Amino acid sequence: MIAWKRNLYFIIAAMFLSGTGFSFAVPFVPFYFQEMGVRDAHALKIWIMLFNFAPAFTLAIFSPIWGALSDRYGRRLMLLRATFGSVVVLFLMGAAPTPAALIILRLLQGALTGSVSASQTMVSVCSPKERVGFSLGMLSAAVCSGSTSGAFFGGMFAEMFGYRLAFVASSGILLLAAGIVLFGTEEYIAKRKDPDDRPQKLRFSPGNLGSNRLILIMLAAIGVVMLFDAGWLPLLVQEIHGGISGAAFITGSLAAAGGIAGFIAGPVIGRLADRITPPVIARFSSLGAGFMTILTALAGCFPFLFFTRFCTAFCAGGLDPVFQIWLSRVTPEKDRGSVFGWALTARSIGWMLAPLISGAVARLAGVRAIFFAAAAFYFLLVPLISFIVSRLEKNRAERPDNPVPGINS
């Protein structure tokens, strides 16, 4: 039997490096576009919108395919595919000659990558049922802490050596993560004893999701909220700072503060999710994040902005992981890769909608209006969570044979 803790520790290390690699250069793309020659404010907003939209679009298409393949050929193989895919794409981003080329590479990124989802699937299958919440919480903390270090040091690196070399460095960091997965993890895949026992056909359709569809709707809504203002923070920093020089370091430091908050929130919420129902945690998280996002929109100095982003990230840390834990509890292991693939598609649909809506808000009302709108979406999550919970309980009451456990399971 595979030692689940050994796998967990190596995957945590790999996801820490993955978080570091992705946040080493990507958060500073609004400045990268300006370095490429995009000077018009409206054109810049459109390119930022497309940059955030592109990977979510292809991720939504390919996630169910990778999820179904992981159920058949193994979760470790999919994690390796996602990590090595990231290495190639991020390296090429450093050589992108135009904004259009960068968008094309972002489309490729969405098609090939998805290491966080792949690691969540592998960890949820390898961990004992009573430790799934803890394991996924630790995984979330690893990604957040990696994002912290990546954003902070990436901001300094970009200021010193430029945005192109920052992408090359991020590719090298992800190559280390890929090596850890390749040489440090293992997975047992049961072999067929009967040569005539053919594997089931790959299931790319969502027909086996059952009542989990309601959870996926919730994940899509959370995807909208979580990514709504993410790509626009650099422009808020630039507005407060008064220019682009030095803005990358401040943006990286802000992202680092949010990563520290996520690092703290991950294991705390993971342990709570093993004892308290996910909807309760999510409601309080939504209210707290919404209030702090309003304060972000009103920020006029960096100390106050750092405080609000830290608190927002801590509160928002209670949204996505708890529903991943819930989905893991109600999904059989043999279908977990497929269902987690559809979960990533659901979130990707939210990630696609987020830049489209926020981009429209930016064009109509300015950058600060994006943060007010984000706060409104956080508040709207509360009644949506209550509605979906009531529907799940009603479905369970009407169908006692429903395999999906109750909310309090």
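Cys311 comes out as buried, at 17% relative accessibility, where buried means under 20% relative accessible area, exposed over 50% and partly exposed in between, using a 1.4 Å probe and protein chains only. This is a predicted model, so local features need pLDDT of at least 70 and side-chain atom pairs count only at pLDDT 80 or more, while totals for chains, interfaces and linings use all residues. Residues are numbered from 1 along each chain as its sequence is written, and side-chain values use heavy atoms, with hydrogens and water left out.

A search of the whole structure turns up zero disulfides, a disulfide being a pair of cysteine sulfur atoms within 2.5 Å. Cys311 is in none, and the nearest cysteine sulfur, that of Cys315, sits 6.7 Å away. Helix H13 (residues 302-316) has 15 residues and reaches 21 Å from its first C-alpha to its last, close to the 21 Å expected at 1.5 Å a residue. Helices here are DSSP runs (H or I, at least four residues), numbered from the N terminus, and the expected span is 1.5 Å times one less than the number of residues.

On to the aromatic rings. The whole structure holds eleven aromatic pairs; rings of Phe, Tyr and Trp (its six-membered ring) pair if their centres lie within 6.5 Å, with planes under 30 degrees apart counted as stacked, over 60 as edge-to-face and the rest as tilted. One of them joins Tyr32 and Phe167, a tilted pair at 5.4 Å centre to centre and 35° between the planes. Tyr32 belongs to helix H2 (residues 29-35) and Phe167 to helix H8 (residues 163-184), so this pair ties together parts that are 135 residues apart in sequence. Tyr32 is buried at 0% relative accessibility, and Phe167 is buried too, at 1%. Phe157 and Phe161 also make a tilted pair, with ring centres 4.8 Å apart and planes at 45°. These two are four residues apart in helix H7 (residues 132-161), or about one helical turn. Phe157 is partly exposed at 22%, and Phe161 is partly exposed at 47%. Ring pairs also link Phe31, Tyr32, Tyr163 and Phe167 into a cluster.

Charges sit over rings too (NZ of Lys or CZ of Arg within 6 Å of the ring centre and within 35 degrees of the ring normal). Arg106 has its charged end over the ring of Phe51, 3.8 Å from the centre, and Arg81 lies over the face of Trp66, 4.1 Å from the ring centre.

Helices H3 (41-73), H4 (75-93), H6 (115-126) and H15 (336-365) each supply at least two lining residues, with the largest share, four residues, coming from H3.
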